[in-house]
Amino acid sequence: MTDGLRIRRRSSGRPHAARLLLAPLLLAAPVAVRAQETPAEVAPVPNQSLDAMPDIGVDWPDMGQPDTVPPLPETPVDTTAQAGDPADPAAPDAQPVADTTPVNADDAVTFADAGEERRYTVLLSGLDAIADAQFTLRFDELSVLRQGQGKSANLAQINRRMKEDGELLDRLLRAKGYYAARIRSAVAVPPPGSDRLAVTFDITPGTQYLLGSVDVTGLAETAGQEARLRAAFPPKVGDPVDADTILAGRDALALKLSESGFPFARVDEPEVRIDHEERKGDLDIIVAPGGFRRFGAIRMDDTRLFDAHHAQEIARFDPGDTYMASDVEDLRRAIVATGLVSSVSLKPVEAGDGEHVDLAVDIRPAPLRTIAGELGYGTGEGYRAEVSWQHRNLFPPEGAVTLRGVLGTQEQTASATYRRNNFHRRDNVLTGLLSVSNIKRDAYDARTITVAGGLERTTNILFQKNWVWRVGAELVASDEADAFSGGARRTFLIGAIPLSLTYDGSDDLLNPSKGFRLGGRISPELSFQDTTFGYAKVQLDGSAYQPVGEKLVVAARARFGTILGSKVDQIAPSRRFYAGGGASVRGYGYQAIGPRFGEDDNPVGGKSLAEFSLEARVRFGNFGVVPFVDAGNISTTFLPRFRDLRIGAGMGLRYYSNFGPIRVDVGTPLNPQSGDPKIAVYVSLGQAF
């Protein structure tokens, strides 16, 4: 398949008809023209002496005289041939040719100093009715006048550029179906208030040629899909002979074929036969469908990472489904998203039965091991160092193991995580966790062993999903102390079945600018501490994003939570609700909001939670500012007390990188409790919500 449109002059029976090949190249080089004509008879040239060299009309300068630069002429310099009307299209072998050629120097009005260099501006007139954004963009990208517009040039240089741009305009007009355009160019002295010459093109496009016939051949071999496929090629009789429309129709037809079970289809270069007498064109396009096919098997020679069976589990098609090129591209992107490959190619190959097509998958493994480290400081959390080691395919296919260690002022943790991506189905993830931690915060002190597992449907940057869910199970043994226990340690044995469901209707995972999100989580739990008792944690989250103009997005968030059953002091401190911090109410310390108890006035968490946030996200290129207001409270009762809301406000900075916004937020509490900091700083990847 080539990116060209062949345009020929229809001979109407004349034996020596001229033929023209027009190949518009979309995007960078929209049109290229080459002419192929029958060579004329060459008469013999008699043997004769050469004429004398003509006087070029320029005297040698007198080096003893001072330089003088006469003023510019006040009348425009017309560099267009005064050729009159285009050639008569009815004449044999004649084709309409745009009037774009500048006259010879002897016939032109020139500056007194032809070598003087001046800057100039370029103005096109006469195209308002036909020029679209694409036409203007192409001229601006290919115009030699535009390319040199910021630099000074002499008259000869400007004259040459005008001639080239006149020919460019003619080609662009022919690509839109105007074959008898008249293009006149001129240079004028600078207008009042400007020091730049005025280069103008006065364009008369003429009559636009129309399609007299449209013939698409080969679709009869498409197994009864001829009418549906023909509808994918929009050009019809009476439409303009527009190269962009015709080539776009060709691409649309090729795409429709590839999405309708024809992996080996070929759509030839469209050909238009131009009749200048009728000012019409006959369009022909030939299609070779290549036979209808359904998906067969997936073939893989290199199975070090995973085998063909796992690739089929990732695919969104089954053997026997109609072949669709978009399904193949979707599988390629999904294999890239595993993070296991550096490159992948998928090629349809004949299965050999004339009915199916197999997919040959060729992959190159990427480095599979990663060592990462992190150092940080958080208000209310202190210093923190983290190191991790990961092997992304230790247990093929896609069985990743991560070992992680944390050493910090308030936390020491060692954990091992198993994560199996695409578990028996695309985007299903099986996880397992073994963790040992020692956490000492103002709210509680906990030494905990956790064994957990879950099955979830995930979302990611490449494939953001509307619905995400998770089903899990947890076994926790924790030795904890808090203000309610007066510092005495209590041992809790807890079993939980956390369930969550989220709907994401936003337009971006890390930087949403419109839409909304709703999520719910419920975790029935049994706890043993002296006696066995049960309760259920319920949490609802919602956020909305509304663009206001091009640079401003207003974002709002609300969160509500409650614990059904049991008393707050019976529930393990690590399982209660807390508020305050960078992902909660900014301006306050981590987990610092809510009721306080004991001699040290430490927070104790609660049974209910309410949080609200409002942001104005203003963006300037790759940077932005975000003024925000947050509010929240923790209550020991079943429902939160809104009259006790703690409010924080501040300003954030954003840097919008390729992988998401990096945020730095500085907040202050507006109605602090005793001991709350005056300023709190938070740094993270992604928006606050």
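**Surface patch, cores and salt bridges**

Student: Is Val 683 buried or exposed?
Tutor: This is a predicted model, in which local features need pLDDT of at least 70, side-chain atom pairs count only at pLDDT 80 or more, and totals for chains, interfaces and linings use all residues. Residues are numbered from 1 along each chain as its sequence is written, and side-chain values use heavy atoms, without hydrogens or water. Buried means under 20% relative accessible area, exposed over 50%, and partly exposed in between (1.4 Å probe, protein chains only). Val 683 has a relative accessible area of 61%, so Val 683 is exposed.

Student: Which strand holds Val 683?
Tutor: Strands are DSSP runs of E, at least two residues long; helices are runs of H or I, at least four, and both are numbered from the N terminus. Val 683 lies in strand 33.

Student: What accessible area does the nonpolar patch with Val 683 have?
Tutor: Patches take residues with over 30% relative accessible area and no salt bridge, joining nonpolar side chains (Val, Leu, Ile, Met, Phe, Trp, Tyr) within 5 Å and like charges within 9 Å. Areas come from the Shrake-Rupley method with a 1.4 Å probe; for residues, only the protein chains shown count as cover. Leu 653, Val 664, Val 666, Ile 679, Val 681 and Val 683 together give about 490 Å².

Student: How many residues are in the largest nonpolar core?
Tutor: A core joins buried Ala, Val, Leu, Ile, Met, Phe, Trp, Tyr and Cys residues through side-chain atoms within 4.5 Å. Among those with the most contacts inside the largest core are Ile 298, Phe 306 and Val 361. The count for this core is 24 residues.

Student: Which helices each supply at least two residues of this core?
Tutor: Strand 12 (294–300), strand 13 (341–350) and strand 14 (356–365) each supply at least two. So do helix 6 (308–314) and helix 7 (325–337).

Student: How far apart are the closest N and O atoms of Asp 284 and Arg 273?
Tutor: A salt bridge is a side-chain nitrogen of Lys or Arg within 4 Å of a carboxyl oxygen of Asp or Glu. The closest N and O atoms of Asp 284 and Arg 273 are apart by 2.1 Å.

Student: Is Glu 386 buried or exposed?
Tutor: Glu 386 forms a salt bridge with Arg 384, closest N and O atoms 3.0 Å apart. Arg 384, at 25% relative accessible area, is partly exposed. Glu 386 has 17% relative accessibility, so Glu 386 counts as buried.
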